[in-house]
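Take a look at the sequence and the model below. A short report follows, one topic at a time.

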Amino acid sequence: MPLRHINEAERAGAALPSSVPSAARRIDDDVILDVARRLVLTHGIARTTLTDVAREAGLSRMTVYRRWNGLPELLGQMMQREWDQILPFDAGALADQIAAGENVRQVLVREVVTAARILRESELLSSIIKGEPQLLQPYLLQRQGTMHRRAIARISDAIRGGQADGSIVAGDPVRLATAVVMA
């Protein structure tokens with residue numbers, strides 16, 4: 001059944017009457033991810049269930065399963081969204097700052113320090129460290145996650161630019177970026 005047009009009141013978050021077909025009740029993924037984040041902050045990852053997320057979002061479990069293959073995938077996307085807001089600059093921002101007279105090293109140092117401060121102040125990360133630090137251990141000691149790979153890619157690109165302008169020493173940009181991320 002195709003989705004019907006959603007009017008402005010529904011888009012603004014007004015409750016839909018129970019007589020409205022469930023397809024019309026489509027909720028944006030970000031709303032569901034916000035619900036999952038709130039539940040993780042309240043109960044922790046280990047005590048958050050897909051059923052709880054679905055119930056809080058006003059959806060059936062099957063509707064949530066149609067979007068994610070299970071709770072680990074949903075929580076992974078929720079955390080990826082959080083970390084994407086923290087990752088250092090993009091190429092456009094870097095170019096703008098360099099055009100304003102800074103060298104790549106200056107911009108990179110400021111961006112990495114800012115990202116570290118944001119991570120330290122992150123409500124979600126603090127909650128995980130406080131309540132379930134064992135969940136982070138594999139990412140710190142055994143393997144890189146998606147966030148690590150994205151951060152290394154962005155930082156290594158910046159390092160290449162810094163090596164080109166002479167503000168960053170020679171060396172393998174990926175190794176240097178990995179050292180920055182792991183620090």
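Is Ser-60 buried, partly exposed or exposed? The model is predicted, and the values here are computed from it. Ser-60 has a relative accessible area of 39%. Buried would need under 20%, and exposed over 50%. Ser-60 is therefore partly exposed.

Where does Ser-60 sit? Its place is in the loop between helix H3 (50-57) and helix H4 (61-67). Leu-50 lies ten residues away from Ser-60 along the chain. The C-alpha atoms of the two residues are 9.7 Å apart.

**The whole chain**

The protein chain has 183 residues, and 34% of them are buried. Its secondary structure consists of eleven helices and zero strands. Read from the N terminus, the order of elements is α-α-α-α-α-α-α-α-α-α-α. The accessible surface is about 11,100 Å². Carbon and sulfur atoms account for 55% of that surface. Now take the contacts between residues at least 6 apart in sequence. Of these, 55% join residues at least 24 apart.

**Two helix pairs**

Two packed helices are described by the angle between their axes and the distance between the axes. The table gives both values for two pairs.

| Helix pair | Distance between axes | Crossing angle |
|---|---|---|
| H2 (residues 29-43) and H3 | within 9 Å | roughly 120 degrees |
| H5 (residues 71-84) and H10 (residues 146-165) | within 10 Å | roughly 25 degrees |

Start with H2 and H3. Their axes cross at roughly 120 degrees, so the two helices are oblique to each other. The crossing is right-handed. On the H2 side, the contact is made by Ile-32, Val-35, Ala-36, Arg-38 and Leu-39. On the H3 side, Asp-52, Val-53, Glu-56 and Ala-57 take part. By class, this contact has six nonpolar residues, three charged residues and no polar ones.

Next come H5 and H10. How are these helices oriented to each other? Their axes cross at roughly 25 degrees. An angle under 35 degrees counts as roughly parallel, and H5 and H10 are therefore roughly parallel to each other. H5 passes H10 in a right-handed crossing. Gln-80, Trp-83 and Asp-84 of H5 make the contact with Thr-146, Met-147 and Arg-150 of H10. Which classes do these residues fall into? The contact of H5 with H10 has two nonpolar, two polar and two charged residues.

Technical notes: Residues numbered from 1 in each chain as written. Predicted model: local features only at pLDDT ≥ 70, side-chain atom pairs only at ≥ 80, totals over all residues. Heavy atoms only, no water. Axes fitted to C-alpha atoms, helices over the stretch in contact; angles between N-to-C directions. Helix = DSSP H or I, 4+ residues; strand = E, 2+ residues; numbered from the N terminus. Parallel < 35°, antiparallel > 145°, perpendicular 65-115°, else oblique. Left-handed = near helix turned anticlockwise from the far one by under 90°. Contact = heavy atoms within 4.5 Å. Nonpolar A, V, L, I, M, F, W, Y, C, P; charged D, E, K, R; others polar. Buried < 20%, exposed > 50% of the residue type's maximum accessible area, 1.4 Å probe, protein only. Areas by Shrake-Rupley, 256 points an atom, 1.4 Å probe, with all protein chains shown as cover.
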